[in-house]
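Please keep the 3D view open as you read.

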Amino acid sequence: MARLFGTDGVRGLANREVTASLALRLGAAAAHVVAERGLFDGHRPRAIVGRDPRVSGQFLSAAVIAGLASSGVDTEDLGVLPTPAVAHLTGAEGVDLAVMISASHNAMPDNGIKFFARGGMKLDDVIEDAIESHLDTEWDLPTGGDVGRVTINRGSAGDAYVEHLLGSIDTDLTGLRIAVDCANGAASDVGPAALRAAGADVVVINASPDGRNINEKCGSTHPEQLQAVTVASEADFGVAFDGDADRCLAVDHTGALVDGDQIMGILAVAMDEAGALAESTLVVTVMSNLGLSLAMKEAGIEVVQTGVGDRYVLERMRHGGYSLGGEQSGHIILAEHATTGDGVLSALHLAARVAQTGRTLASLASVMTRLPQVLVNVRGVDKARVATDPEVTAAVEAAEARLGDSGRVLLRPSGTEPLVRVMVEAATQDQADLEAHALAEVVSRELPLH
């Protein structure tokens, strides 16, 4: 049976895979597992619960809260807030456990349940596994005054988060016009509020969530609206969040996309100049464009690579004491100010760099040149043999020799399907296309499913 928890909590189609019953059991199991491991330190436990605006979040958050409170945990319902706000408040309010109900950038019908431990870090795999193994346990539940109290917070939590964001920069953004696409998501209020409070003139789109329009042809997964509005409004640049605002992508004044790699390059150089880039090191995943690594090498900044997924980036950052890391998708972690990716925080620091330097975002983004990147999905193959098949290995080595230092090859087996992803970067688009499709043919031919 597949593991219930993925790299970003439990996620699936709401009311099918992610049901109210599951949410209730997850809340109760989490409370008891954390208590049994002594993580409540013997005091009356406290938890907070936030959600994004999708309609299914209403019944799922109610169910999680019921599971927690019925298990003796005093629980504060924060309502709609970004994932990074919930993570921050977990530490700032000193609570023992936090839950975020969100499917991030996924379409509205999906939803998810993600837990944070004390301090705002995601739960360790061993704790998640224990929660999963106890979903159907019959617990000895408290009664009378020992059941948990439920309180509702509808304002002060968002205000505290915005105050935290503003405290992370010391640059006045007055004079900057910034277009903001809130994806009809969790940052529809706090995102524009933070940028305005920092002094920016903000042009806002897709900030009217109705429970059904989250991520719908908008936000970081669909930047076309933002590109048009940024140009039409003569904004200095634009930023796009996803549904739970843990990601941020940008567009420059011409409407050109500035992805997570470019944003990380800009911030890494800025932090290194300020002496704030720990060990002069940037942490990225293997999917980041080779152009970023080449640019950072030229700037004297080391690049450390991890597997795909923000939790692996964060683990490496914590292990090495690094201060900046993230993904090409715009999931960027500024460790001094956050324990997870934070789209609004990234937008503020990007805006601060523009204001400090007086340069356009287009000029700053030129710190790196994105190499052409081609991704081919090869379906119906034995992914388990991709790293050991001699013909595939020989084909990869030959391609790498032809590409030299100006390109690279990456073969990644899917975690859920009989599929191998072939990624090639090269100096030219034609070369990337040629090498990627040639390798895809080898994988298809040599790794048939039996």
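The buried residues of α6 pack against α5 (156–166), β7 (177–181), β8 (201–205), β9 (237–241) and α11 (343–357). This is a predicted model in which local features need pLDDT of at least 70 and side-chain atom pairs count only at pLDDT 80 or more, while totals for chains, interfaces and linings use all residues. Residues are numbered from 1 along each chain as its sequence is written, and side-chain values use heavy atoms, with hydrogens and water left out.

**Helix α6**
- Val190, Gly191, Pro192, Ala194 and Leu195 are the buried residues of α6 (residues 190–197); buried means under 20% relative accessible area with a 1.4 Å probe, protein chains only.
- Helices are DSSP runs of H or I with at least four residues, strands runs of E with at least two, numbered from the N terminus.
- Gly199, which follows α6, has a positive phi near 110 degrees.

**α3 against α5**
- Helix α3 (residues 83–92) packs on α5 at an angle of about 90 degrees, and their axes are 10 Å apart.
- The two helices, α3 and α5, are therefore roughly perpendicular, a term for angles of 65 to 115 degrees.
- Pro84, Ala85, His88 and Leu89 of α3 meet Ala157, Ala160, Tyr161 and His164 of α5, where contact means heavy atoms within 4.5 Å.

**Nonpolar cores**
- The largest nonpolar core has 65 residues; such a core is a set of buried Ala, Val, Leu, Ile, Met, Phe, Trp, Tyr and Cys residues joined through side-chain atoms within 4.5 Å.
- Its largest share, eight residues, comes from α11.
- A second, separate core of 29 residues includes Phe5, Ala31, Val49 and Leu123.

How values were computed: Buried < 20%, exposed > 50% of the residue type's maximum accessible area, 1.4 Å probe, protein only. Axes fitted to C-alpha atoms, helices over the stretch in contact; angles between N-to-C directions. Parallel < 35°, antiparallel > 145°, perpendicular 65-115°, else oblique.
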